[in-house]
Amino acid sequence: MVNDQASKLRDLMSNQTQENRRQAKAIAIFSGKGGVGKSNFAVNFGLCLANRRKKVLLIDLDIGMGNIDILLGTSPDYSMVEMLENKMSMFDIIESRSEYFSFIAAGTSLTRIFELNSTERTHFIQQLQEVISFFDYILLDLGAGMTKNHLAFLEAADESIVITTPEPTAITDSYAAMKHLLIESDNQSIHLSLLINRATKNTEGWQVYQRLGEVTKNFLNYQLRFAGSLPEDPAVTESVKRQVPFIESFPKSPIAKQLDKLVTQYEQLESKEPKQSRTFMEKIKMILSR
């Protein structure tokens, strides 16, 4: 049965003309290891964009370990797996938390996405094509590490943000993930940015970026961008316990203020960037058809 929010989304879509439909920007968010705050960043980053009246769809692609719904304190009825297995509309599995922020839960057996038969592949592409023009941003929350599935999404995304912390193991793993991506894709058009989470002082994030940036430039011939850093803040742990994102539960906390500042800077830089020659949909269609 089609739920009420799916009907509302369809109604809104039907009111869009071909001229005023959005071309959503796809941003992949990943890390080299678990426990660095990747999903927490994805949720709060998306909500910050939504606070600026940007339509955001966050898709949880953390295979078997998805926790977006937990961080948001919700229990979705359907996931992407049900959409594929039951030939559902993607509208039916979207959970709308507000007018501007929606998400899709991961489910299980999601590795089948790139092993679809021709019928399933056509259904997946058609559903994504219908939904994507309703949003300004599609955020892809990928699992830790680097799998074949991750590579495909990262290759198709308009931009990718790798999350790490100042911990030596996290730094090493983030470099390994970026190296694998750049070598396997052989695609210098990939836009990679580094965000340092849990920095204990203002300069620590920049120092980590300088070290990693120098290594990627010297050994991978790639100029890594700096997305900024977020401070270590007890508000994060407390917000997870409450199952309410820190941008909402602790809007005046140091990390909430810093994230809001980073999103402002991100929007300013984004407005100056040239448009890419191929859209996310064009690239994902190519990848899924391989």
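Colleague: At what angle do helix 7 and helix 13 pack, and how far apart are their axes?
Modeller: This is a predicted model, and in it helix 7 (residues 148-156) packs on helix 13 (residues 280-288) at about 145°, with the axes 8 Å apart. The crossing is right-handed.

Colleague: Why give both an angle and a distance?
Modeller: Because two packed helices are described by the angle between their axes and the distance between the axes.

Colleague: OK, and which residues of helix 7 and helix 13 meet?
Modeller: From helix 7 you have Ala 152, Phe 153, Glu 155 and Ala 156, and they meet Phe 280, Lys 283, Ile 284 and Ile 287 of helix 13. Sorted by type, the residues of this contact are 6 nonpolar, no polar and 2 charged.

Colleague: Let's look at another pair. How do helix 2 and helix 12 pack?
Modeller: Helix 2 (residues 38-51) and helix 12 (residues 254-270) have an angle of about 65° between them, and their axes are 10 Å apart. Helix 2 passes helix 12 in a right-handed crossing.

Colleague: What does helix 2 bring to that contact?
Modeller: Phe 41, Asn 44, Phe 45, Cys 48 and Leu 49. On the helix 12 side they meet Leu 259, Asp 260, Val 263, Tyr 266 and Glu 267. The contact divides into 7 nonpolar, 1 polar and 2 charged residues.

Colleague: Which aromatic cluster does Tyr 266 belong to?
Modeller: Tyr 266 forms one aromatic cluster with Phe 41 and Phe 45.

Colleague: While we're on helix 2, is Leu 47 buried or exposed?
Modeller: Leu 47, which is found in helix 2, counts as buried because its relative accessibility is 4%, and the cut-off for buried is under 20%.

Colleague: So what does Leu 47 touch?
Modeller: Not counting residues up to four places away in sequence, Leu 47 touches Arg 97, Phe 101, Pro 245, Ile 247 and Glu 248.

Colleague: Switching to the cores: which residues touch the most other members in the largest nonpolar core?
Modeller: Phe 30 and Leu 192, out of 55 residues in that core. Helix 8 (residues 168-185) gives this core its largest share, 6 residues.

Colleague: What is Leu 192 in contact with?
Modeller: Leaving aside neighbours within four places in sequence, the contacts of Leu 192 include Phe 30, Met 178, Leu 181, Leu 182 and Tyr 222. Ser 160 and Arg 225 are also among them. There's a second, separate core too, with 35 residues, including Phe 101 and Tyr 266.

Colleague: Back to rings. How many aromatic pairs are there in the whole structure?
Modeller: A search finds 6. One of the aromatic pairs is Trp 206 with Phe 226, which is edge-to-face: 5.3 Å centre to centre, with 65° between the planes. Trp 206 lies in helix 9 and Phe 226 in strand 8, so the pair ties together parts that are 20 residues apart in sequence.

Colleague: How exposed are Trp 206 and Phe 226?
Modeller: Trp 206 is partly exposed, at 41% relative accessible area. Phe 226 is also partly exposed, at 29%.

Key. Residues are numbered from 1 along each chain as its sequence is written. This is a predicted model: local features need pLDDT of at least 70, side-chain atom pairs count only at pLDDT 80 or more; totals for chains, interfaces and linings use all residues. Side-chain values use heavy atoms; hydrogens and water are left out. Axes are lines fitted to C-alpha atoms, for helices over the stretch in contact, and angles run from 0 to 180 degrees between N-to-C directions. Helices (H or I, at least four residues) and strands (E, at least two) are DSSP runs, numbered from the N terminus. A crossing is left-handed if the near helix is turned anticlockwise from the far one by less than a right angle, and right-handed if clockwise. Contact means heavy atoms within 4.5 Å. Ala, Val, Leu, Ile, Met, Phe, Trp, Tyr, Cys and Pro count as nonpolar, Asp, Glu, Lys and Arg as charged, and the others, Gly among them, as polar. A nonpolar core is a set of buried Ala, Val, Leu, Ile, Met, Phe, Trp, Tyr and Cys residues joined through side-chain atoms within 4.5 Å. Buried means under 20% relative accessible area, exposed over 50%, partly exposed in between (1.4 Å probe, protein chains only). Rings of Phe, Tyr and Trp (its six-membered ring) pair if their centres lie within 6.5 Å; planes under 30 degrees apart count as stacked, over 60 as edge-to-face and the rest as tilted.
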